[in-house]
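Could you walk me through this model stop by stop, telling me what to select and what I will find there? I have the viewer open and would like a tour I can follow by clicking.

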Amino acid sequence: MLNEDRIALMTKMAAYEASQGKRDISVSGFFRGDYISFGVLKSALCATIGFGLVIAMYILYDIEGFLTDFYKMDVAAFVKDIAVKYAVVLVIYLLISYVVYAYRYSKAKKHLKKYLSELKQLEEIYRSEG
Amino acid sequence: MTTLLVIKEQLMGFFSRFEAYIVAVLKFILSMIALLLINADLGFMQKIDNGAIVLIVSLICSFLPMNLIVLILAAFILLHLYSLSLECAVIVAIVFVLMFLLYFRFSPRDACAVILTPICYMLKIPYVVPLTLGFVGTPMSCVSVGCGTVVYYMLGYVKANADRLAKSKSSSDPESALGSFKYIIDGLLGSDKMLLFVIAFAVVVVVVYMIKSLPVDYSWKIALGLGVVVNILVILIGCSALEVELSVGGVIFGTLISALIVFVIQFFIFNVDYSRTENVQFEDDEYFYYVKAIPKMSVEAPDVNVKRMNYRDDYDDYDDEEDDDDELDYL
């Protein structure tokens with residue numbers, strides 16, 4: 001015998017699982033700390049690549065001057081200057097990433113809480129059907 | 001108002017029934033407009049500045065995810081720039097990679113905004129995008145609208161300076177080629193106007209998002225109103241701070257027109273639960289279910305039934321007249 005309420009609930013849950021639920025469920029497989037750390041690590045990689053590109057552009061911007069002054073410049077001071085700038089960019093970028101990933105995790109958990117309550121509801125319907 | 005609600009419901013019904021086709025057609029139209037605009041503005045590579053190529057690529061794009069469409073459009077731009085000047089293509093490629101690094105990390109679902117921002121700029125209503133994203137996106141959507149703005153200004157610069165950029169390609173002198181990097185970077189990224197719009201739009205997205213999320217009545221309308229005010233104020237203050245020349249009337253008029261458009265979009269799209277038709281499959285111990293769930297209509301389209309009250313085909317039929325009177329009383 002087909003129970004229409006149960007099918008409606010299952011349809012709703014299957015639709016969620018097929019769309020947003022896919023991501024939410026994968027997020028829920030992580031502990032909060034692990035999920036955020038992993039996201040922040042990926043962001044750090046992106047920030048490093050991005051910073052490298054910016055430095056490349058900076059050198060290209062005045063490549064003639066750079067090549068002329070290269071043998072005269074204090075390389076250690078130059079590298080230190082770049083390292084400080086890299087650290088500042090990285091810290092700002094990682095802070096933003098931390099906030100974004102923490103928000104995403106809490107949102108996914110919120111959606112999953114609703115999904116779990118629907119699962120319980122489904123279980124009760126099954127029990128009542130005997 | 002009821003008529004508008006009925007139109008809204010009919011749109012919902014239509015969208016629910018033909019969602020797969022409508023999305024494909026919209027993607028096709030969007031990619032075609034974007035490709036045509038790129039070809040019209042740049043058009044340096046004859047091989048891809050071709051109607052047939054645009055049509056084929058647009059058709060392919062209609063079945064691709066939005067983010068892939070963004071990459072294809074970026075590839076088109078780079079191919080055109082490569083034909084114009086290698087240095088220019090290299091710099092734009094680096095800027096694109098930087099933007100993608102930001103965009104794919106923080107707002108990968110706003111691909112539509114990245115494409116629509118330059119298109120709206122060309123239509124002189126760029127303010128529509130940040131105002132809309134404040135409602136449908138997240139604060140990180142400011143990355144998408146920023147990327148769109150940068151792309152628009154870079155393309156504008158290349159279009160305006162194509163002759164000079166082409167000279168750097170024809171020059172065989174390596175020193176001249178190296179020097180041209182400075183000229184290109186200054187031109188592409190040194191625009192104060194671009195910086196102003198990136199900042200203004202980021203502020204608008206965040207302000208609209210924060211206010212519409214407040215648990216107060218009419219928060220969406222307040223958010224739209226404040227979004228308009230903040231947009232105008234930030235742009236005008238930025239104009240004087242960065243010494244950018246901009247038509248004040250144009251900013252105010254453009255923002256108001258954009259707000260009107262957002263208001264209409266808000267009525268037809270934002271307030272509606274365009275729950276799409278869901279085709280889902282699942283199973284229990286006894287059955288496999290293949291379910292197509294179609295969202296319900298909440299306002300019924302009225303059945304137009306013309307009843308002629310003063311028409312009698314038979315004067316003697318008194319009973320009929322009495323029936324009509326009864327119906328009038330009932331109505």
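**A tour of chain B**

Residues are numbered from 1 along each chain as its sequence is written, and chains are lettered from A and ligands numbered from 1 in the order in which they are written.

Switch to a cartoon view and you will find 13 helices and 2 strands in chain B; these are DSSP runs (helices H or I, at least four residues; strands E, at least two), numbered from the N terminus.

**Stop one: the core**

Of the 331 residues of chain B, 34% are buried, meaning that 20 or more other C-beta atoms lie within 10 Å of their own, placed from the backbone. Now select I115(B), M154(B), F201(B), V205(B) and V208(B), which have the most contacts inside the largest nonpolar core, a set of 80 residues. Such a core consists of buried Ala, Val, Leu, Ile, Met, Phe, Trp, Tyr and Cys residues joined through C-beta atoms within 7 Å. Helix α10 (residues 192-212) of chain B gives the most to this core, with 13 residues. Zoom in on F201(B): leaving aside neighbours within four places in sequence, its contacts are P130(B), C142(B), V145(B), G146(B) and T149(B).

**Stop two: a helix pair**

Next, select α3 (residues 66-84) and α5 (residues 111-122) of chain B, whose axes come within 8 Å and cross at roughly 40 degrees. The axes are lines fitted to C-alpha atoms over the stretch in contact, with angles from 0 to 180 degrees between N-to-C directions. Here M66(B), N67(B), I69(B), V70(B) and L73(B) of α3(B) meet A111(B), C112(B), V114(B) and I115(B) of α5(B).

**Stop three: the partner chain**

Show chain A as well: 20 residues of chain B are in contact with 19 residues of chain A. On the chain B side, α4(B) brings the largest share, 7 residues.

**Last stop: confidence**

Colour by pLDDT, the predictor's confidence in each residue, from 0 to 100. Chain B averages 81, and 82% of the residues score at least 70. Select residues 314-331 of chain B, where the pLDDT is below 50; this stretch has 2 contacts in the model beyond near neighbours in sequence. Where pLDDT is low, the predicted coordinates should not be read in detail.

Notes
Predicted model: local features only at pLDDT ≥ 70, side-chain atom pairs only at ≥ 80, totals over all residues. Contact = placed C-beta atoms within 7 Å. Buried ≥ 20, exposed ≤ 12 C-beta atoms within 10 Å, placed from the backbone.
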